[in-house]
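Thanks for making the time this morning. I would like to walk through one model with you, moving from strand pairing to a few individual residues, and then to a stretch of the surface.

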Amino acid sequence: MIPTHNVPEFSVSEISQAVKRSIEDTFGYVRVRGEISGSKFHGPSGHLYLSLKDNEAVLNAVCFKQVVARLGMIPEDGLEVICTGQLTTYPQRSNYQLRIESMEPAGLGALMAMLEKRKKQLEAEGLFAPENKRKLPVFPQIIGVITSPTGAVIRDILHRLGDRYPCRVLVWGVAVQGFNAADQVAHAVAGFNAMTVEQGKPDVLIIARGGGSFEDLMPFNEVEVVRAVALSHIPVISAVGHETDTTLLDFVADIRAPTPTAAAEMVSPITHHDLMNEVMDLASRCYWGTTQYLEYRELYLEKECRSLSHPKAQMEQAAFHLESLQNRLRAAMDQYVQVKLGRIDLMQSRLLHPNQQMDYYAKAIDNLLLHLDMSMRTIIMHSRQRMKFVKQSIMRVDTRPMIALKTQELQRLEVSLTKGIIYGFLEKLTQLGSLKRMLEVLDYKQTLKRGFAIIYNDQHEIIASQQDFPESGLLQIEFQDGKITKTLS
């Protein structure tokens, strides 16, 4: 069947190319305003893919790797931007997209809102907490500076440190604006922290940049920079822009400097000249203090020396004191001996002669035997009277059962009486034996048998001391087997 119409026929490729030429010729380069959504980097190629949207439509966009490096900002979802580029199509998928050549925030308000949101999020994580701030070292040995190696900032810092506090400075060169600036700054902070002491790890870090527009300072508002500084073990000083400029780096840093030059002054609170003057002042005060102390001790020593007496006088005084103590000791010993001799004389006067003691104990034994005999006679007499009374009672009444009972009781009493008499007699004999042994112990003749002797003077008094021994006269010496008489001439 032959078609009746004359509409020309196109292939799919022809239609796609025609649409592509029509869109590119019609629009050319355009500026599109919209909110970024779904932004992501394609790893192997490095291209950036995103979407621009408003309340009614969505436009796909792509930014090639070469253009991404010079964007000057990091695209982030939710940020309203103005993109300049060429509108083109992608025939393989029958869609169109914007090929971005440049990108800028859509007004300062949108960028400020994005930063405020980011600040609240980081603050909620505790990255800006005051208790996390570290103190700056008083005398840092090595200072690390993260900045552009070719700008005026590094020259100002080095010049200021050279004037105030000459020390070792390590510079880590980074880009301070542009798309890769944030990554380089974060990498520099982590690199300084990874260094060892032997490698020259800095004691403090300065992140510095000169003044610029709000967009120029955006790398120091990026999340990776804030987190790198928060994880740093080295104190960090933020010196970005002028005094009126504020970035998120200022909130996370341990201290904020209004300018890079001020940062150099902060790490050197005292100049080398002032430090030397202070050391010299302390040395002078130490010298004068030591001198005064030595003079005071010298005067004190002289005073003490004057109060000291001559060694010969001290020895004479000590000898006099020793002699006094010796005299007091002799007197005390003589007094002690006299007291003891008096007590001996008193005890001797109270002691009886051995013969008298034996007579006394013999009389005591006789009295004891007499008392014992009388006691036994009294008991026997009392028993006989009781038996007589019982016998009379028995004769008056028929008490034979009672007689038997009493007879048994009498027998028990007689046995008990006999035992008591025997036990009492034995106890007295024991006492008598003890007294006899005591007499034997006290008998001086027993002492004479052991080789001792008693010396009497002509008044028949015992000579008990060497002092009482007469130089002449009659002596009588008593031994265990007799006495002898000697005459002293």
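**A walk through the predicted model**

I422 counts as partly exposed, because its relative accessibility is 43%. Before I go further, please keep in mind that this is a predicted model, and that every value I quote is computed from it. I422 is placed in helix 12, which spans residues 400–442, and together with Y423, F425, L426 and L429 it makes up a nonpolar surface patch of about 480 Å².

Let me turn now to the strands. Strand 1, residues 29–41, runs antiparallel to strand 4, residues 80–90, and seven bridges join the two; within that pairing, R33 has I82 of strand 4 as its bridge partner. Strand 1 is also joined to strand 2, residues 48–53, by five bridges, and here too the strands run antiparallel, with K40 paired to Y49 in strand 2. How many residues lie between strand 1 and strand 2 in the hairpin that they form? There are six, and G46, which sits in the turn, has a positive phi of about 85 degrees.

The next topic is the cysteines. If we ask how many disulfides the model contains, the count comes to zero, taking a pair of sulfur atoms within 2.5 Å as the criterion. C63 is a case in point, since it is in no disulfide and the nearest cysteine sulfur, that of C83, is 8.2 Å away. Is C63 buried or exposed? With a relative accessible area of 0%, C63 is buried.

A113 lies in helix 3, residues 108–124, and it counts as partly exposed because its relative accessibility is 47%. The C-alpha atom of A113 is separated by 8.9 Å from that of L79, although the two residues are 34 apart along the chain.

T247, by contrast, belongs to a loop, the one between strand 9 (236–240) and helix 7 (248–252). Its relative accessibility is 1%, so T247 counts as buried. Which residues does T247 touch, if we set aside those up to four places away in sequence? They are L217, F220, N221 and V240.

That is where I will stop, and I am happy to go back to any of these positions.

How values were computed: Residues numbered from 1 in each chain as written. Predicted model: local features only at pLDDT ≥ 70, side-chain atom pairs only at ≥ 80, totals over all residues. Heavy atoms only, no water. Helix = DSSP H or I, 4+ residues; strand = E, 2+ residues; numbered from the N terminus. Buried < 20%, exposed > 50% of the residue type's maximum accessible area, 1.4 Å probe, protein only. Contact = heavy atoms within 4.5 Å. Patch = residues over 30% accessible without salt bridge, like charges linked within 9 Å, V, L, I, M, F, W, Y side chains within 5 Å. Areas by Shrake-Rupley, 256 points an atom, 1.4 Å probe, with all protein chains shown as cover. Salt bridge = Lys/Arg side-chain N within 4 Å of Asp/Glu carboxyl O. Pairing = 2+ DSSP bridges.
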